[in-house]
Amino acid sequence: MSNKSTALEKWWFPTADYRGRRPSVWLFGGAGVEQAWTANPLIPLIGDYDFAVWRMPGRSVRKDEPDPTSLRAVGREIAESIAEIGAVRPVLSGLSFGGLLAFVATQELEKLGVQVGRFVPIVSACPNEWRMGAVYAWLNGGPIRYTKRRLAAADKAGKLPPELSGANREVMQRPYVADLTAGFREWSHSVIKTSITDISASDEQRLHLSSLTRWRPYTRGEFDSITSTGGHFFYREHPEVVSRVFDRESEIAYSGGF
């Protein structure tokens, strides 16, 4: 099997097989979720570009299931796979925790000399928020213990994220804890050259820093901010907001018109 084939297996292409040499969007899901939960609202709206969703290790969806405890290691794996595939100026986007993962992957791609077309965080905490959360976690028993306590408190208050509720709660919570723990351990938040389009929600209550420019300090390129009606899971009701950004940014990036 070729290296490119192996790299492609790390991604899910829900709308069509990867065609290459065209605009592309590479999406990363929120903490603990599997790729279908993240992509399903967007699938009917995906335009004429390659659309890939990262198969996060630890979800039993890959032939090789490395231990996803190091966000930096996962970021390098992502960057190496995209470089091997040969995507032209790819757009990287992440939902919630996936935004931090996409940011780290963008850093790693830039180290490899791969030009990223755009970074699009979706209701995603900026690195400074993660840094503050990490300090708090280490002062309160460490990332794993802190994350579990936070999750238990949300469960008791009836405020669990919808993907963690129901019959599979225990199964879903394990990767959720693993993802957040990895996020709280990631302290390297260097500025990227890649331009950013941040998508926020008007009623967001999960992010402590609600400023619409919270991601601005993390790029030496352009910065745009878009706000949608709704809360942290707005895109499940208004996926067209995200799809329009993907349509525009992927085409601009591929053409080199940014």
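R21 is exposed, with a relative accessible area of 64% (exposed means over 50%, buried under 20% and partly exposed in between, with a 1.4 Å probe and protein chains only). This residue is found in the loop between β1 and β2, where helices (H or I, at least four residues) and strands (E, at least two) are DSSP runs numbered from the N terminus. The phi of R21 is near 50°, a positive value in a residue other than glycine. The model is a predicted one, in which local features need pLDDT of at least 70 and side-chain atom pairs count only at pLDDT 80 or more, while totals for chains, interfaces and linings use all residues. Residues are numbered from 1 along each chain as its sequence is written, and side-chain values use heavy atoms, with hydrogens and water left out.

A positive phi, of about 35°, is also found at V123, which is not a glycine. V123 belongs to the loop between β5 (118-122) and α5. In contrast to the exposed R21, V123 is buried, with a relative accessible area of 1%.

The chain contains eight helices and seven strands. Of its 258 residues, 54% count as buried. Among contacts (heavy atoms within 4.5 Å) with a separation of 6 or more, 80% come from residues 24 or more positions apart. The accessible surface of the chain is about 11500 Å², and carbon and sulfur atoms account for 50% of this area, by the Shrake-Rupley method with a 1.4 Å probe; for residues, only the protein chains shown count as cover.

Aromatic pairs are rings of Phe, Tyr and Trp (its six-membered ring) with centres within 6.5 Å; planes under 30 degrees apart count as stacked, over 60 as edge-to-face and the rest as tilted. By this rule there are 17 aromatic pairs. One of them joins W11 and W26 edge-to-face, at 4.9 Å centre to centre and 80° between the planes. Because W11 lies in strand β1 (residues 11-12) and W26 in strand β2 (residues 24-28), the pair ties together parts that are 15 residues apart in sequence. Both W11 and W26 are buried.

Another ring, that of W37, has R236 over its face, at 4.1 Å from the ring centre (a charge sits over a ring if NZ of Lys or CZ of Arg is within 6 Å of the ring centre and within 35 degrees of the ring normal).
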